[in-house]
Every structure is written in C-alpha cells, then in structure tokens.
Amino acid sequence: MSMPVALAERRRLPVHRRFLPLLAVGVARLLARVRPARLRTVLEFARRGAAPATLAQALRAREEVVSVSLRCAGQGCLQRSIATALLCRMRGAWPTWCTGVRTHPFAAHAWVEAERQLVGEGHPKGHFKTLMSIPPLAEDRNG
C-alpha cells in the first residue's frame, strides 16, 4: 500500500558546497542500518568536543542534507536526522539527536533539536514520545 508523501522543499546547492552534505548523507545511510545500541555509541562518540548547535546551524545542515538527498527529503527521517547531526558535527557543533514513537496511530520518527526547538519538523514538540536522545555534552567549566 502506498501513501502520498510531500517532499520537503529542496533548494539546489552550488557544486562546491555539496561535498560535506553528501558525505554526511552517505555515512548516515550506513549508520541507519546498525542496531540502536551501536548507533548510540557512534553518535555519543561523534558529539565529543562539539559545541551545542544553534537553531540556525542545525536548520542550515538539515536544508543542505535535504538538498542533496531525495531519500532525506522524503520519509527517510532516520537517515536525515543522523546526516543533519553529522553535518553539524563536521562544522564543530552538535544538536540534540532524538528518536521516538507515537501510539495513535503508531509511528516511529527521528529528528534533531537545537536551542530546545525542533529543527524543520512539521509537528509540535511532544508529538512523539522520545525514546533515545543524544544531546551535546555539557562543557566542563572547571578546567
């Protein structure tokens, strides 16, 4: 059974700005296939040393990921969210990466948040019950 899907708006990136988003999408495609425990380990390692992402940084990363990947522009929320987080990390920042579910009707979803706001999502915060979250590490202020 098929269902209609509205793709996210995609703007074309200049060729010289496509490499990092394409790299993030490729790595995310591989990571989207691993077990959740392994994915958590990899993402927790990746966030080390990164500053918390701003909403603008995370939104820019999401837009760039969507612009280079038709799957990420459609229903590939897991790959899109991983690629967005990784692209932010390549630029020295880390958003909060989340995955969760809703029960009526059942659906699983993955997304990123920055500055306590959903990044580029069409539903309100709290629409999905968060099952796994990987926020930026708190900075050590004592040295």
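## Terms and model

A residue is called buried under 20% relative accessible area, exposed over 50% and partly exposed in between, with a 1.4 Å probe and protein chains only. By that scale E44 is partly exposed, with a relative accessible area of 29%.

The model is predicted, and local features need pLDDT of at least 70, side-chain atom pairs count only at pLDDT 80 or more, while totals for chains, interfaces and linings use all residues. Residues are numbered from 1 along each chain as its sequence is written, and side-chain values use heavy atoms, with hydrogens and water left out.

## Salt bridges

Six salt bridges are found in a search of the whole structure, a salt bridge being a side-chain nitrogen of Lys or Arg within 4 Å of a carboxyl oxygen of Asp or Glu. One of them joins E44 to R40, with the closest N and O atoms 3.2 Å apart. Both residues lie in helix α2 (residues 36-46), four residues apart, or about one turn of the helix; helices (H or I, at least four residues) and strands (E, at least two) are DSSP runs, numbered from the N terminus. R40 is partly exposed, with a relative accessible area of 29%.

In helix α3 (residues 55-68), E64 and R60 are likewise four residues apart, about one helical turn, and their side chains meet in a salt bridge at 2.9 Å, N to O. E64 counts as buried at 0% relative accessibility, whereas R60 counts as partly exposed at 38%.

## A bridge between strand and loop

The side chains of E113 and K125 meet in a salt bridge at 3.0 Å, N to O. This pair links distant parts of the chain, since E113 is in strand β4 and K125 is in the loop between β5 (117-118) and β6 (129-134), 12 residues apart. E113 is buried, with a relative accessible area of 10%, and K125 counts as exposed at 51% relative accessibility. Elsewhere, salt bridges that share partners join R17, R60, E64 and R91 into one network.

## Nonpolar surface patch

F19, L20, L23, V27 and M90 make a nonpolar surface patch of about 410 Å². Patches are made of residues with over 30% relative accessible area and no salt bridge, like charges being joined within 9 Å and nonpolar side chains (Val, Leu, Ile, Met, Phe, Trp, Tyr) within 5 Å; accessible areas come from the Shrake-Rupley method with a 1.4 Å probe, and for residues only the protein chains shown count as cover. Helix α1 (residues 19-31) gives the largest share of the patch, four residues. M90 is found in helix α5 (residues 77-90), and M90 is partly exposed, with a relative accessible area of 34%.

## Surroundings of A108

A108 is found in strand β4 (residues 106-114) and is exposed, with a relative accessible area of 53%. Leaving aside residues up to four places away in sequence, A108 touches G100, V101 and F128, where contact means heavy atoms within 4.5 Å. A108 and C77 are 31 residues apart in sequence and 9.3 Å apart in space, C-alpha to C-alpha.
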